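Please look at the sequence and the structure below before reading on.

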Amino acid sequence: MSRAAADPATRDAPRGTNVVLIGFRGAGKTSVGRRLAELLNRPFIDTDEIIAREAGRTIRDIFAQSGEAAFRAAETDVIARVTAGERQVISVGGGAVLSRENRARLRACGRCIWLSASEETLRRRIAADSGSADSRPPLIALDPAREFSVLLAQREAFYGTLAEIQVNTEGLSVEDIVNAVGSVLSIPPRRE
Ligand code: S3P
């Protein structure tokens, strides 16, 4: 784990009581967030799940029928609402950090933790996730291999400036990651 540099635009923002998980597609934000919320006895908020539920459509269909801009507008609206809450575990989509407005809100609402992994691991996790087809449509007009590398390089710059802490999830199980995040947050590991 390493302490990433705070985003200059928001490093002095007042700190809320939420735990925010950021990271690329396949980093494990939803799985880890759900288990972490159980450990902390806090509500788990998944912004992608809210977007799809309120739209009554999958994320793939939102992109296909209304375009990425409509998705990003919904994403910013949901982030604005959920970051007003306290003592939550919040998981946001991999592209949420592209918006400065989102970054400011996420930073101000609590502790941002970047779940990172190698490109190979991220690819493998996405391929193994049955939900990818509905929640992870193509994002740029490149072949999937090129898209992945281009987006990962672009996004990592934002994760690194926004996150307070980076947790390298390489080779870790969900439980291991939850305990690693817990240790960062000074929470005793889960006792089974
Ligand atoms: C996106 C990541 C997805 C979802 C949407 C856009 C991105 O969330 O928000 O497909 O731009 O990287 P996950 O990171 O949970 O896959």
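The lining of the largest cavity is made up of 8 nonpolar, 2 polar and 1 charged residues. The model is a predicted one. The points below cover the cavity, then the ligand and its surroundings.

**The cavity**
- Searching the whole structure for cavities of 30 Å³ or more turns up 1.
- The space in the largest cavity amounts to about 40 Å³.
- G23, F24, A27, W114, L115, S116, A117, L122, L152, E156 and Y159 line the largest cavity.
- Two elements, β4 (110–116) and α8 (144–162), each contribute at least two residues to this lining.

**The ligand site**
- The largest pocket is where the ligand sits.
- The ligand has 14 residues around it, and those that come nearest are K29, R72, S135, R136 and R155.
- Sorted by class, the shell around the ligand contains 4 nonpolar, 4 polar and 6 charged residues.

**Polar contacts and cover**
- In the side chain of R136, a polar atom lies 2.5 Å from an oxygen atom of the ligand.
- K29 also places a polar side-chain atom by a ligand oxygen atom, at 2.8 Å.
- For R25, an N or O atom of the side chain is 2.9 Å from an oxygen atom of the ligand.
- On its own the ligand has 390 Å² of accessible area, and the protein covers 96% of that area.

Technical notes
Residues numbered from 1 in each chain as written. Predicted model: local features only at pLDDT ≥ 70, side-chain atom pairs only at ≥ 80, totals over all residues. Heavy atoms only, no water. Near = heavy atom within 4 Å. Polar contact = N/O pair within 3.5 Å; in protein donor to acceptor, adjacent residues only side chain to side chain. Areas by Shrake-Rupley, 256 points an atom, 1.4 Å probe, with all protein chains shown as cover. 1 Å grid on protein atoms, 1.4 Å probe; cavity = no way out; pocket = protein on both sides within 12 Å on 5 of 7 lines; lining within 4 Å. Sits in = over half its atoms within 2 Å of the grid points. Nonpolar A, V, L, I, M, F, W, Y, C, P; charged D, E, K, R; others polar. Points joined across faces, edges and corners; volume = space filled by probe spheres on them. Helix = DSSP H or I, 4+ residues; strand = E, 2+ residues; numbered from the N terminus.
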